[in-house]
Amino acid sequence: MSHATFRVHVDPDKCQGHNRCYGVSPDLFELDDLGMSSEVGAGLVPVGLISQARLAVDNCPEHAISLTELTEAELSGAPEVNAEVQP
Ligand code: F3S
């Protein structure tokens, strides 16, 4: 398991459904029935997928994807990525 240190977000007002994000990183993005993208879950990026996230940002022709580093406060309480949720 690894901690997330970045978060991706797709701006739904900018996304035009080019699907390049999903093409380079299907673990971080999901498409709706119209082909519009959104981040998976809360958009937390596992350390091993940061390069994929950057690739998605660079390849979106609409500049719809943002990649932000989590703040210290968020990091101190950052959830484990891929951790099993206990009921
Ligand atoms: Fe949308 Fe850009 Fe992906 S336009 S589908 S966020 S490549």
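This is a predicted model: local features need pLDDT of at least 70, side-chain atom pairs count only at pLDDT 80 or more; totals for chains, interfaces and linings use all residues.
Reader: What is the secondary structure of the protein chain, and which pattern does it follow?
Author: The protein chain has 3 helices and 6 strands. Along the sequence they come in the pattern β-α-β-β-β-α-β-α-β.

Reader: Why is Ile50 called buried?
Author: Buried means under 20% relative accessible area. Ile50 has 11%, so it is buried. Ile50 is in helix α2. Leaving aside neighbours within four places in sequence, its contacts are Thr5, Phe6 and Val45.

Reader: How many residues does the protein chain have, and what percentage of them count as buried?
Author: The chain has 87 residues, and 29% of them count as buried.

Reader: Why does His63 count as exposed?
Author: Exposed means over 50% relative accessible area. The value for His63 is 62%, and therefore His63 counts as exposed. His63 lies in the loop between α2 (50-59) and β5 (65-69). Its phi is near 50°, a positive value in a residue other than glycine.

Reader: Which value of phi does Asn19 have, and where is Asn19 placed?
Author: Asn19 has a positive phi of about 65°, although it is not a glycine. Its place is in the loop between β1 (2-10) and α1 (20-24).

Reader: Why is Asn19 called partly exposed?
Author: Asn19 has a relative accessible area of 30%, so it is partly exposed. That value uses protein chains only. Asn19 is also one of the residues surrounding the ligand.

Reader: What makes Ser38 and Asp32 partly exposed?
Author: Ser38 is at 29% relative accessibility and Asp32 at 41%. With the limits at 20% and 50%, both therefore count as partly exposed. Ser38 is found in strand β3, whereas Asp32 is in the loop between β2 (29-31) and β3 (37-39).

Reader: Which residues does Ser38 touch?
Author: Not counting residues up to four places away in sequence, Ser38 touches Val10, Leu28, Phe29 and Glu30. Ser38 and Ile65 are 27 residues apart in sequence and 9.1 Å apart in space, C-alpha to C-alpha.

Reader: Which residues surround the ligand, and how do they divide?
Author: The ligand is surrounded by Val10, Cys15, Gln16, Gly17, His18, Asn19, Arg20, Cys21, Ser37, Cys60, Glu62 and Ile65. They divide into 5 nonpolar, 5 polar and 2 charged.

Reader: Which cavity does the ligand take up?
Author: The space taken by the ligand is the largest cavity.

Reader: Which residues have the most contacts inside the largest nonpolar core?
Author: That core has 15 residues, and those with the most contacts inside it are Leu28, Phe29, Val45 and Ile65. The elements giving two or more residues to this core are β1 and α2.

Reader: What does Leu28 contact?
Author: Leaving aside neighbours within four places in sequence, Leu28 is in contact with Val8, Ser38, Glu39, Val40, Leu44, Val45, Pro46, Leu49 and Ala53.

Conventions:
Residues are numbered from 1 along each chain as its sequence is written. Side-chain values use heavy atoms; hydrogens and water are left out. A residue is near a molecule or strand if one of its heavy atoms lies within 4 Å of it. On a 1 Å grid over the protein atoms alone, a cavity is a set of points where a 1.4 Å probe fits but cannot get out, and a pocket is an open set with protein on both sides within 12 Å along at least five of seven lines; lining residues have an atom within 4 Å of a point. A molecule sits in a cavity or pocket if more than half of its atoms lie within 2 Å of its grid points. Ala, Val, Leu, Ile, Met, Phe, Trp, Tyr, Cys and Pro count as nonpolar, Asp, Glu, Lys and Arg as charged, and the others, Gly among them, as polar. Helices (H or I, at least four residues) and strands (E, at least two) are DSSP runs, numbered from the N terminus. Buried means under 20% relative accessible area, exposed over 50%, partly exposed in between (1.4 Å probe, protein chains only). A nonpolar core is a set of buried Ala, Val, Leu, Ile, Met, Phe, Trp, Tyr and Cys residues joined through side-chain atoms within 4.5 Å. Contact means heavy atoms within 4.5 Å.
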